[in-house]
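Have a look at the model first, and then we can go through it together.

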Amino acid sequence: MSGIFGTLAAAVIACAALALAGYAAPNWLVLIATLAFSKGLVALGIVALMRGGLVSFGQGTFYCAGAYAAGMAMRSFEINDAALLVALGAVAGLILGVIIAPLLAGYRGIFFATLTLALSMIVYGILNKTYSLGGSDGLNLHAPSFFGYRPAASENASYALFLFTSLTTVIAAAMCRIHFDSVRGLLSHAARDNEIRVEYLGASVRWINGVNFAIAAALGGIGGALSALSLGHIDPDFAFWTTSGEFVFLAILSGYVSVTAVFVAAVLVELGRSYSSQYFPNTWQGALGVFLLLIILFLPGGLGSLALRLRVSRAKPEPAPAETLK
Amino acid sequence: MKLAAAILIDGVIDASWLFIVAVGLTLVFGVLNILNFAHGSLFAVGAYAAASAVGWYYGGGLGPPFLGYLLMFGAALAVALILGPLMERGVLRFFYRRDEVVLVLVTYALFLILEDATKLIWGTESYYASEPYALLGNVSFFGLSYVGYDFALIGLAVVTGFLLWFGLNRTISGKIVLAVIHDRDISRAMGVNVTRVFAFAFTLGVFLAALGGAFTAPKISVQPGIGITVILLSFAVVVIGGLGSVEGAAIAALFVGFARAAAIHLVPWAELFIVYLVMALVLAFRPEGLFQRASARKI
Amino acid sequence: MTALLETIGLQKAFGAVIAASDISVAVEQGEKLGLIGNNGAGKTTFINIVTGHLKPDAGCVMLDGKDITGRAPRQVRRDGVSRSFQIPQLFTSLTLDQNLLLALAILREEGMSSWQPSRSDARMAEVDDLLDRFRLRPYREQTVAVLPGGVRKLVDVAMAVTQRPKLLLLDEPTSGVAVEEKFPLMDVIMRAIERTDTTVLFVEHDMDIVGRYADRVLAFYAGRIIADGEPGTVLSNEEVQRYVTGGAT
């Protein structure tokens, strides 16, 4: 059980560290980190799927579902509590995920990738024409409250949202880490390697993929709700292929050895994006493409595998990182 | 009745450019076992290249109007000869031995790069290449007016399909390509230069995408974003038709063309949804598409 | 006494190739059955049908009196059938002990936890025991992808044996194994299952193995069973010699 205690201990330390860091950091960095963590959560969902061998290019669907669920709750039902809004986002994502999973359960590889992409674009197209949800302009949200506390100054609001996002992120990340280390987590790896053997041993690959898909959908919904609160605005672009593609990029950049790497990567990418949008607005996608190729060529295990190489002398190694993207 | 005729005719016209593009995608898959995500961008590059060429040619009044078509063809050829080898020899071949998922990511990366490259070269405004579109006059069917160009496009699709079929099935080079499609390792063992077949097949795929783009350019406004629509539509066509099948691509293009035309006339906001619904229905009955490839047993 | 496994009139054709033609076999509990035949005779097809990988065109498969025809491999596994493969089917990016660990964890329903760490002491003890019995200890931490072919075969068979099945189907267990290792491998397998009186069907091309380990032999040819009986009798059968072992003039 030491694995679980270790993860929980790390989670507590992470929370404390983030709280302190957020307090000391300048406001612009806090805002970036908040948004980065929300996106990191969606990428974490893709990592969960990737461990089973599937890559979803359409997580924007759930990101969007979570965001619009939070948005509608705030505007139509006057729900302002951040925790409730995020929970609604998670539920929205999860319900959508559970509905869609059986449709996609039989597909792998490029099929699964392109079908999820198509789904994301279909949602985008429908939202664009749904004027009751704001059409292509989307919806605006006002600042949320946190368990009754309604921050006055905007800096306090950013910090409060950062703390809330960090807490949610750490909890989600810890739960994922525990799941990845469990038997079911190992089974995802196995399903990726050899579905036939998994079935012949008596386990169901459909079920494994379905659970991973539901996890990814819920995380997507949470990320979407958090982003909505962070940006104060949602629109159909949340489901556009470029958004979905960025989550994939994040997942590949971080690799699936380390959960922490996902959020480190997210912050780096978010910093990169704000720099790029100031100086090179038309090359962001292309830059991501070039980096993606470089990562696949030179660091197939993602950033997480770098961390693993530092740890390898101490602990028992996980499945060799070189195999992760082979 | 008029609506039905409109859907039918629009569907066939749509199916034409869809076939040209999708058959390139399915061919690349058949030979290299790669479903090229960047195929839609290659369509876009073809469209932009043709639009530029046309703009330069007609803008300068440089010669007889019908030569513009040759120029469009040339633009597609240029795109293929430059980008085909560049992409296949320059990038893809380093990843042939890797996992399927990796190849998806690689072609996706190429897609991203091409999308921004087009923006860098041609900017973000729309291009129009309407002169070739007007050259062939108008035709009337059932009281509906159509542009002659669209019917010429149907002709182009038929000719392309026939040439491909003939090339693959009746020429020696074609049969070599078919052999590689069936089993590349055995082909290699029999002395076939599989590397060259790969390069050729990929370049041909690029050419077909660019050709589709070049000859669709006069009908549309060429702008950023057409790439993603095209890859999503051609993917549906390829999946419905069966991966690697030329005949399948033809029939599937008609399916998708009709579905799209029906959607555009009746429920325009659900156009992509209808296409994928059709795909889902076909897959429910024929999980590997209309024309399935025979596959060897695994265990 | 009901036979443990009974197939009645199995038919299977792949286009013009007849892989199974009226295959009717009854196997009693505890029998050790050798399946012989040339390539393409239908032995693996038989196994594929029994385990649910293929649906027969006609006929049925009864396990312990229960009709399991057409049930998915996953369900057939839970019914008590386990199999090893001609080409080892392993989790190539995982280590050897992780492969065995998974086989054991899936077996026990309570091993399928979403939060318990995969490596528990109890489970690792069982894995150690398996590693020793199959003499795989030196390889335990290695990734399966780098293991030599014969070792992978061993792992494949070990994973099938861990399932403590009522019926164990081995598809060419000693192919790819070095000649001097074939008998020891079969000894290990037979010893591993003797306590539980598992019924074993094994496909083999090596007639020495068949002669030594089988109580009964089925000879396949072109989808049909051409001989069924004691090893000595079957192996000296004229048709068998002509079509399978190549002994007759």
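**Around T61(A)**

Me: Leaving aside neighbours within four places in sequence, which residues is T61(A) in contact with?
Reply: Happy to start there. Residues are numbered from 1 along each chain as written, chains are lettered from A and ligands numbered from 1 in the order written. This is a predicted model, where local features need pLDDT of at least 70, side-chain atom pairs count only at pLDDT 80 or more, and totals for chains, interfaces and linings use all residues. Contact means that C-beta atoms, placed from the backbone, lie within 7 Å, and on that basis T61(A) touches L96(A), L119(A), S120(A), V123(A) and A239(A).

Me: Is T61(A) buried or exposed?
Reply: Buried takes 20 or more other C-beta atoms within 10 Å of a residue's own, exposed 12 or fewer, and partly exposed lies in between, with C-beta atoms placed from the backbone. T61(A) has 28 other C-beta atoms within 10 Å, so T61(A) is buried.

Me: What separates the C-alpha atoms of T61(A) and L117(A)?
Reply: Along the chain, these two residues are 56 residues apart. Between their C-alpha atoms, the separation is 8.9 Å.

Me: In chain C, which residue of β2(C) does K12(C) stand opposite?
Reply: Strands (E, at least two residues) are DSSP runs numbered from the N terminus, and two strands pair if DSSP finds at least two bridges between them. Here β1 (residues 5-14) and β2 (residues 17-27) of chain C pair in the antiparallel sense over 7 bridges. Opposite K12(C) stands A20(C).

Methods: Contact = placed C-beta atoms within 7 Å. Helix = DSSP H or I, 4+ residues; strand = E, 2+ residues; numbered from the N terminus.
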